[in-house]
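Here is a short note for a colleague who is new to this model. Please read the points with the structure open.

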Amino acid sequence: MTDKKTLRLIDANLNRLREGIRVVEDIFRYVYDNKEISTKLKELRHLARLENYKEILETRDIQNDVLKESIKSEQNRTDLYSILIANFKRAQESARVLEEFCKLISTKDSENFKYIRYELYNLEIVLTKITSNSK
C-alpha cells in the first residue's frame with residue numbers, strides 16, 4: 001500500500017498529464033482539424049490511467065495545495081505556439097514524475113508513463129513545427 005501523500009502526488013500528476021495532453025489534442029482537433037494527430041493524443045490521454053482511481057481520488061486535497069495559485073508565467077500566453085509548448089512541457093514533466101513514483105507501485109505502470117513521455121517528446125518535435133509555421 002502506498003502512503004496517502006504519495007497517492008496525492010500521483011493524483012496531481014495524473015490530472016496535470018491528462019490536462020496537458022487534452023489542450024494539445026484540442027488544438028489539433030479544433031484549430032487544425034487533424035483527426036490523425038488528435039486521435040493519437042486521445043489514445044495517449046486514455047493510457048494515462050491507474051487501476052486504483054478511487055483510492056487515489058480519496059487523497060485529493062486541493063484546499064491545502066501550497067502552490068495552487070498561478071504564477072505570472074502561467075497567466076500569460078502570447079500565441080498558439082506558446083500554449084502548445086507550455087502544455088507539452090506540463091505533460092512531459094508529469095509523465096516523468098509518474099514514471100518515477102509508479103516504480104513504488106508497479107513496474108508495468110512506470111513503463112506505461114515512460115512510453116507516454118517518449119511519445120510526447122516525439123510528437124513535440126513534429127507538432128511544434130506545424131504550429132510555428134502558423135505564427
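## Notes on the predicted model

1. Arg-22 and Asp-26 both sit in helix H1, four residues apart, which is about one turn of the helix. The model is predicted. A salt bridge joins Arg-22 to Asp-26, with the closest N and O atoms 3.2 Å apart. Arg-22 is partly exposed, at a relative accessible area of 32%. Asp-26 also counts as partly exposed, at 24% relative accessibility.

2. Next, a pair from two helices. Glu-119 forms a salt bridge with Lys-40, and the closest N and O atoms are 2.9 Å apart. This pair links distant parts of the chain: Glu-119 belongs to helix H6 and Lys-40 to helix H2, 79 residues apart. Is Glu-119 buried or exposed? Glu-119 counts as buried, because its relative accessibility is 19% and the limit for buried is under 20%. Lys-40 is partly exposed, with a relative accessible area of 23%.

3. Helix H5 holds a further pair. Glu-99 and Arg-96 lie three residues apart there, about one turn of the helix. Their side chains meet in a salt bridge of 3.3 Å, N to O. Glu-99 counts as buried at 5% relative accessibility, whereas Arg-96 is partly exposed at 36%. Salt bridges with shared partners join Arg-96, Glu-99, Glu-100, Lys-103 and Arg-117 into one network. The count for the model comes to eight salt bridges.

4. Now the nonpolar core. In soluble globular proteins, nonpolar side chains tend to be buried together. The largest nonpolar core here has 25 residues. Those with the most contacts inside it include Leu-17, Ile-21, Phe-113 and Leu-120. Helices H1 (4–31), H2 (35–47), H5 (80–101) and H6 (107–132) each give two or more residues to this core. Helix H1 gives the most, with eight residues.

5. Look closely at Phe-113. Leaving aside residues up to four places away in sequence, Phe-113 touches Leu-14, Leu-17, Ala-48, Arg-49, Leu-50, Ala-95, Leu-98, Glu-99 and Cys-102. Glu-99, one of these contacts, is also the salt-bridge partner of Arg-96.

6. Two single residues remain. Where is Asp-33? Asp-33 is in the loop between H1 and H2. Its phi is near 50°, a positive value in a residue other than glycine. Asp-33 is exposed, with a relative accessible area of 64%. Tyr-121 lies in helix H6 and is partly exposed, at 31%. Tyr-121 and Gln-92 are 29 residues apart in sequence and 7.4 Å apart in space, C-alpha to C-alpha.

Technical notes. Residues are numbered from 1 along each chain as its sequence is written. This is a predicted model: local features need pLDDT of at least 70, side-chain atom pairs count only at pLDDT 80 or more; totals for chains, interfaces and linings use all residues. Side-chain values use heavy atoms; hydrogens and water are left out. A nonpolar core is a set of buried Ala, Val, Leu, Ile, Met, Phe, Trp, Tyr and Cys residues joined through side-chain atoms within 4.5 Å. Buried means under 20% relative accessible area, exposed over 50%, partly exposed in between (1.4 Å probe, protein chains only). Contact means heavy atoms within 4.5 Å. A salt bridge is a side-chain nitrogen of Lys or Arg within 4 Å of a carboxyl oxygen of Asp or Glu.
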